Amino acid sequence: MSIEDFLVRQLGLAKDLVENRISTIFLNGCCVDHIETAVIEDGSVLALSAALPGLAGASLRRGGYYACLRESITRSEEIFNGRMHEGVIVVKLFNLLIGELGPVFLKKGIIMFRSDIAAFFRGCNQDFWNQVESAHLEDRSVVSSILAGEDIYRGAESILISVCEPGDRE
Amino acid sequence: MENILRIKMGEEGGPKITVEPIGQYAGLGGRALTSAIVSKEVPPDCHPLSEDNKVVIAPGLLSGSAAAMSGRISVGCKSPLTGGIKESNSGGQPSQVLARLGYAAIVLEGKPESDDLYMIFINKDGVKIVVDNSLRMLGNYETVEKMKQKFGDKISCISIGPAGEMRLAAASIAFTDMELRPARHAGRGGPGAVMGSKNIKIIVLDDTGLPMRQPKDQEKFKEANRIFVEGLRKHGVTGEALPAYGTNVLTNILNEAGAYPTYNFKQGTFAGASKISGETEAALETERGGVATHGCHRGCVIRCSGIYNDKDGHFVSKQPEYETVWAHGADCGIDDMDKIAMLDFLDDNYGLDTIEMGVTIGVAMEGGLLKFGDADGAINLIHEVGKGSPLGRIIGSGAAVTGKAFGVEKIPVVKGQAIPAYDPRGVKGLGVTYATSPMGADHTAGYATATNILKVGGFVDPLIPQGQVELSRNLQIATAAIDSTGMCLFIAFAILDQPETFQALIDLLNSFTGLSLTADGVAEYGKKILTMERDFNMRAGFTKEQDRLPAFFRKQRLAPHNVVFDVPDAELDQVFNW
């Protein structure tokens with residue numbers, strides 16, 4: 001699917017937000033100028049950023065005036081055939097978009113490696129745990145503190161985790 | 001700002017102070033003024049540390065006024081690092097204070113015969129210069145602390161550390177910030193060495209009792225300033241990204257782009273980038289009771305700086321900027337933010353350019369002096385510079401000298417000055433500016449991204465590769481003009497995207513000075529500055545052969561994109577054809 005399909009149709013982000021807020025996009029390390037034709041495939045790495053300072057920041061900007069300054073790392077023009085396939089991609093959110101898009105991804109669900117997810121929960125402070133109302137593992141209610149142990153994820157290399165707001169699970 | 005203060009250090013009977021009208025230099029400020037004086041008064045073939053060289057310290061045209069963001073100050077001289085003309089600029093308080101004291105520039109000239117060290121004090125009553133050998137080889141922080149005890153905390157200071165006293169080619173000149181910390185530096189090109197060659201340790205400024213500089217047209221100025229500030233606040237870069245994360249917001253992105261020079265420009269990505277990114281840095285600062293959003297001078301509305309504390313909440317340094325974090329971080333394979341902040345502090349205290357020092361240590365690592373990633377070894381090397389050991393003097397002389405001393409082929413410098421944090425193989429347009437700027441490799445030389453509004457050199461199609469030379473030319477012209485206003489270069493993003501903000505900048509200049517500048521006039525101003533600078537360099541013996549990147553950028557491919565710098569020399573030679 002195209003990056004535009006992913007952001008607008010799959011994630012449900014407003015087109016205006018995608019146009020104006022996500023100003024810098026990399027697909028597999030290459031700068032993207034045209035999100036409607038840049039194709040995401042299984043295994044792709046997509047990085048999203050808000051506007052950046054510096055001439056470098058201006059150069060990396062999507063379709064920006066200074067795009068030619070970095071033409072050697074620009075993703076070549078593609079023709080999107082409209083076909084869709086299932087797949088897993090890595091999404092990186094940078095700077096202001098961490099706070100703005102993070103909740104969208106967490107609600108949809110993200111996949112984490114077993115070791116990463118346990119390490120993440122081990123690093124969370126009491127303020128974090130105080131805000132956790134309940135935890136569910138494969139639809140079973142669990143004591144939230146056990147999420148920090150790797151043992152409970154045994155048998156799975158990666159885990160889909162989603163974060164719900166109060167009332168979402170009803 | 002009607003006067004130029006000259007301090008002649010080599011006069012019989014001791015230093016002589018003269019104050020003269022600005023005269024032939026009227027209408028010039030900041031970089032335009034420093035480059036005009038150096039170009040006209042310094043013999044291009046002189047030794048940079050000789051009596052013939054001069055240090056020119058000039059606030060911008062709008063400095064000392066109520067104009068937002070007008071606190072940049074320019075330092076000019078013949079550079080001991082590049083051998084060419086140098087303008088290096090800094091934030092901090094002194095620009096505003098010096099302008100309110102009425103000086104368009106301080107010119108330090110001549111050379112004393114004795115080795116006495118001098119302190120200069122300037123206030124509304126005049127200028128005093130006294131011998132103060134108790135300051136010898138003190139760090140910038142201790143030097144300023146002594147001045148604070150002597151004159152109180154309403155002062156601002158311009159000083160050099162031990163590196164400047166030792167006349168090392170990477171020595172900076174420090175400018176104090178709002179908290180009276182010597183944390184802002186004119187670092188590039190070694191101006192601290194030239195100040196050191198004049199035996200001047202510190203200039204203390206006190207504008208107590210002096211009013212803000214007043215515009216010619218108060219109403220128009222006030223309105224223009226309002227629109228200008230509004231434009232900065234509403235823009236995504238100046239109003240959000242920079243205040244939240246500082247310039248280091250670029251780390252993750254340049255790394256993602258594969259243009260983040262790592263292990264002495266060996267590759268374009270660094271595995272430890274996220275540990276030293278602006279996002280991580282800001283979170284650490286907040287968590288430890290520091291500050292992630294902080295201005296370097298009064299009147300700054302972008303506030304891209306911060307305060308970096310250690311784990312126990314004690315001050316380590318001001319927020320290390322992107323270039324510093326990269327130079328001491330990825331370029332040396334170091335991913336420990338605490339160590340990088342310590343290196344930043346040591347550079348500031350000993351009075352060293354952080355970019356030059358980081359790149360130099362990367363070159364030393366390539367030469368086998370220490371291993372990539374050895375953060376404690378890097379800290380020890382900066383201490384060696386501060387002590388003035390033979391090894392420290394080599395390191396403090398910069399990347400080119402260090403590369404020769406350790407038999408390194410891959411030395412990332414242009415005109416002897418270390419290349420900053422954007423690999424020119426990935427962002428070739430920046431490579432054009434690195435190669436051709438009269439200043440040597442300088443990421444800020446072509447920074448003012450307002451060329452589409454200025455339309456300097458005619459309209460350029462940015463989507464064709466051949467546009468890179470034209471864009472670099474136009475960027476350098478626009479930057480030279482902004483460097484002369486005293487305005488922080490970060491305003492460039494707002495004026496790029498918002499024509500009304502650019503117009504507000506011109507209105508600010510016109511209502512303040514009484515001039516009738518247009519966008520075309522601003523472009524001509526920029527060209528005039530670059531022409532003076534190029535002319536000086538040509539008279540100093542520079543040819544087109546100096547307008548080149550080191551050969552390895554054309555030969556060694558940069559992973560992960562496997563690209564080389566391939567802009568033809570013939571195109572580089574067209575940059576200044578206007």
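F221(B) and F512(B) are both buried. Keep in mind that this is a predicted model. The two rings sit with their centres 5.6 Å apart and their planes at 50°, so this pair counts as tilted. F221(B) belongs to helix α6 (residues 218–234) of chain B and F512(B) to helix α20 (residues 499–513) of chain B, so the contact ties together parts that are 291 residues apart in sequence.

Over all chains there are 18 aromatic pairs. One of them is in chain A, between F120(A) and F128(A), and it is edge-to-face. Here are those two pairs side by side:

| Pair | Centre to centre | Angle between planes | Type |
|---|---|---|---|
| F120(A) and F128(A) | 6.0 Å | 90° | edge-to-face |
| F221(B) and F512(B) | 5.6 Å | 50° | tilted |

The charged end of R181(B) sits over the ring of F315(B), 3.8 Å from its centre. K410(B), for its part, lies over the face of F552(B), with 5.9 Å to the ring centre.

One last stop is helix α9 (residues 278–287) of chain B. Its buried residues are G278(B), E279(B), E281(B), A282(B), L284(B) and E285(B). After α9(B) comes G289(B), which has a positive phi, near 80°.

Technical notes:
Residues are numbered from 1 along each chain as its sequence is written. Chains are lettered from A and ligands numbered from 1 in the order in which they are written. This is a predicted model: local features need pLDDT of at least 70, side-chain atom pairs count only at pLDDT 80 or more; totals for chains, interfaces and linings use all residues. Side-chain values use heavy atoms; hydrogens and water are left out. Buried means under 20% relative accessible area, exposed over 50%, partly exposed in between (1.4 Å probe, protein chains only). Helices (H or I, at least four residues) and strands (E, at least two) are DSSP runs, numbered from the N terminus. Rings of Phe, Tyr and Trp (its six-membered ring) pair if their centres lie within 6.5 Å; planes under 30 degrees apart count as stacked, over 60 as edge-to-face and the rest as tilted. A charge sits over a ring if NZ of Lys or CZ of Arg is within 6 Å of the ring centre and within 35 degrees of the ring normal.
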